[in-house]
2 protein chains.
Amino acid sequence: LSKGKVYIAGAGPGDPSLLTVKTAELLRVADVVIYDRLVDPEVLKIARDGARKIYAGKRAGEQWIQEEINALMLAEAKKGRVVLRLKGGDPMIFGRGGEEAEFLRLHGVDFEIVPGVTSALAAPAMAGIPLTHRLLSSSLLIVTGQEAPSKGKRSVDWRLAAGAADTLVILMGAGNFPEVAAELISGGLSSKTPVAVVEWAATPRQRTRLFTLGALGMGGADDEIAPPSVIVVGRVASLAKKLDWFRVDGKTTLKKNKTRPRRARADRSS
Amino acid sequence: LSKGKVYIAGAGPGDPSLLTVKTAELLRVADVVIYDRLVDPEVLKIARDGARKIYAGKRAGEQWIQEEINALMLAEAKKGRVVLRLKGGDPMIFGRGGEEAEFLRLHGVDFEIVPGVTSALAAPAMAGIPLTHRLLSSSLLIVTGQEAPSKGKRSVDWRLAAGAADTLVILMGAGNFPEVAAELISGGLSSKTPVAVVEWAATPRQRTRLFTLGALGMGGADDEIAPPSVIVVGRVASLAKKLDWFRVDGKTTLKKNKTRPRRARADRSS
């Protein structure tokens, strides 16, 4: 582990035991830990006494902007510190790890990328959903429901997506799911396609709910889909009923949906 | 950690430091480790003295079949052993983890799924390729070039795939890449689309090569694409030139292609 180097690392889905050995080791030695909003507090407890832990979460209305994070990494590295840039999940999947690496390279700062277990894959696994399955799925599409405003318009073509992969994994897509569901159905997916919503995966707050695409698209969730959530669309999603295995205080995390009276028929099929 | 339980766990891409903390711990305590071909020998060294290490790799012509692996897991669990079923990468991505979990559930054997860092994401990260990028990619499609024979025909529609995601990650697809490339181009991808081939990621044998889709599709690789390899198709692939960071004995793993004389023009653009 080198002084003056920035380690751009993934913190996994939540549970500290799902950190990589390397990231856990980095936490124990880093001088500075610059962490994002999705990094679990339990993970940060591993950091050594005396390490500076700096929150660089970006939420609507907060002041942290990418340029400030970049400047902070640069300043700490130039001081010869071991800098751990810690992101939820994997740093190269919707984590801007690549852009931060570009900045560091441009400024002559040494860096390493330390892959992590992305929530896109861990959340389904914790819910008992295999994203590929010899009989049900041989491809998966990972997309985000949120797009960079600077991109102007969405680049995800949901109608094409509907036919291109057996399984869709949608991150940060809770807010606009009804719209997405309508486009997926237009793209050819059956309204009966199983959908699993996994919230707070690999934490004591984990919750899995099963729907059909049609029912969830029409607002069939009994309450809000809370971030952080991962949405799985495809036949494999229904395997959660059979393979649900994660327990919190001995209890299943697979919840029965309380159906709204007016949605009863649509929900019954889920 | 429970006796009589099967832990279906991912061993990550190769480097033992990219194991999860939980899988490393399981290796240190398991009575029986049933491991696949893609599990790195360095990883197996962590297993405790006295643990039975059973190779269950499946290669053409070898005798191990899924039913035997299932029977072995069941027998060891029924004897009250701590059984670690260890797979390369992540157990639920092209690893048949789901099917093995189904078998165990059917036979009343307790199991846990332990996510791992899949090579599909780690190999690009080790090569300096961010799979998503605010300006270049907001979706990724993970597919395998190999299909279960029992499926009859391929379920991956490469032409649709070409338009559905900004970045494609192809696992185990080395053999038939020329055919895949032709279909991707038919599907609308430019023949100049950057392609990165990352072999033996996160091991001392790592090698990254960059091509264009057209050149690689026409056989532009100077030598065979060796498994285990991960192929990245999309604009982000070219970032390896800028963000290449992993060193083996102090040397870059990004190799210049020796262009074949007749392919010189096509290869120059890569």
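Begin by selecting the five strands of chain A in this predicted model, where 5 strands form an open sheet in the order 3-2-4-1-5, with parallel pairing. Strands of a sheet pair through backbone hydrogen bonds, either parallel or antiparallel. Now colour strand 3 (52-55) and strand 5 (111-114) of chain A, which stand at the edges and have a single partner strand each, so that one side of each is left without a neighbour in the sheet. If you look along the sheet, neighbouring strands are turned by 20° against each other on average, direction ignored.

Next, select strand 2 (residues 32-35) of chain A together with strand 3 of chain A, a pair that runs in the parallel sense over 4 bridges. Within this pair, find A:Val32, which stands opposite A:Arg52 in strand 3 of chain A.

Helix 3 of chain A lies across strand 1 (6-10), strand 2, strand 3 and strand 4 (83-87) of chain A, and runs at about 150° to strand 4 of chain A. Helix 4 of chain A lies across strand 1, strand 4 and strand 5 of chain A, and runs at about 175° to strand 1 of chain A.

Finally, show helix 3 (residues 66-78) and helix 4 (residues 97-106) of chain A on their own, and see that they pack at an angle of about 50°, with their axes 10 Å apart. That angle makes helix 3 of chain A oblique to helix 4 of chain A, and their crossing is right-handed. Where they meet, select A:Ile69, A:Met73 and A:Leu74, among the residues of helix 3 of chain A in this contact, and A:Glu100, A:Phe103 and A:Leu104 in helix 4 of chain A. By class, this contact has 6 nonpolar, 2 polar and 1 charged residues.

Note on methods. Residues numbered from 1 in each chain as written. Chains lettered and ligands numbered in written order. Predicted model: local features only at pLDDT ≥ 70, side-chain atom pairs only at ≥ 80, totals over all residues. Heavy atoms only, no water. Axes fitted to C-alpha atoms, helices over the stretch in contact; angles between N-to-C directions. Helix = DSSP H or I, 4+ residues; strand = E, 2+ residues; numbered from the N terminus. Parallel < 35°, antiparallel > 145°, perpendicular 65-115°, else oblique. Left-handed = near helix turned anticlockwise from the far one by under 90°. Contact = heavy atoms within 4.5 Å. Nonpolar A, V, L, I, M, F, W, Y, C, P; charged D, E, K, R; others polar. Pairing = 2+ DSSP bridges.
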